[in-house]
Amino acid sequence: MPSLKPPPRILLLITLSFLAILAILFLPSSWAPASASPSERDAGPGAIVLFGDSLTEYGWREGGLAQRLGDRYVRKLDIVNRGFSGYNTAWALPVLQRLYPALQHTHPSIELLTIWIGANDAAAHPEPQHVPLPDFTRNLRSLLALLPPTQRVLLLTPPPCSPKKYPDRDAAAYAAAVREVGQARGVGVLDVFGAVSGVQGWEDGLLLDGLHLNAEGYKVVFDLMVGEMEGRWPELRPEALPSFFPTWNEIVDHSAPIEP
């Protein structure tokens, strides 16, 4: 009668397979092969995403909004600037529709999204950037509708523009529309128009070219934004957020060693 004992090669394969299963089950969770996806810690901190037109795009210039936020949130949150110079709300809609899901894949969390748009929509007809006020309001609502209800959002009104250089641009009406949409949707609004126009000598002191902000103008917006964030979301204060990897003194005193 032939033996039912499996050949040695089969026994070896069974043993190796069993050991591999044990290794997967009982190895420390911190171990991972080089090809594994990075941990949340290694993927980077969460992000503040700035979305809008040139007022956002120019935010990386010296003293700009993005630069000031980057300094405030260094190693706490990444500042992602997605400003598109010259864009109006009609052109911004398909961009945000594609952009937001992509950002969700590249960042562990989007802690805050700002939408700062309307300065180009307010261009006088028949300028190609002009968007009629009712359409602007509808587009703004559509931008908000692209976001999940859990997303923290701030709307920013366009600032005032120089009546001498842009006499036909009614930024006040578009700023009012932003405030109305924000109030109707329960979304925080930074009244940049009111804050800038409330500064004596704003036209020469806060504007770069009659339309865009200079460094002092951006400081007004930055202070406004920080105040709103601290009041609305105290959990987003830099001191309330963990640092991206331990600080050097935490490494020295062994309170937060860097794990492989």
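## Cores and sheet of a predicted model

M229 touches I48, Y73, L112, L154, P234 and L236, leaving aside residues up to four places away in sequence, where contact means heavy atoms within 4.5 Å. The structure is a predicted model, in which local features need pLDDT of at least 70 and side-chain atom pairs count only at pLDDT 80 or more, while totals for chains, interfaces and linings use all residues. Residues are numbered from 1 along each chain as its sequence is written, and side-chain values use heavy atoms, with hydrogens and water left out.

M229 is also among the residues with the most contacts inside the largest nonpolar core, which has 32 residues. A nonpolar core is a set of buried Ala, Val, Leu, Ile, Met, Phe, Trp, Tyr and Cys residues joined through side-chain atoms within 4.5 Å, and buried means under 20% relative accessible area (1.4 Å probe, protein chains only).

Five strands form an open sheet in the order 2-1-3-4-5, with parallel pairing, where two strands pair if DSSP finds at least two bridges between them. Strand 2 and strand 5 stand at the edges with a single partner strand each, so one side of each is left without a neighbour in the sheet. Strand 3 and strand 4 run parallel and are joined by four bridges, and T114 stands opposite L154 in strand 4.

Notes. Buried means under 20% relative accessible area, exposed over 50%, partly exposed in between (1.4 Å probe, protein chains only). Helices (H or I, at least four residues) and strands (E, at least two) are DSSP runs, numbered from the N terminus.
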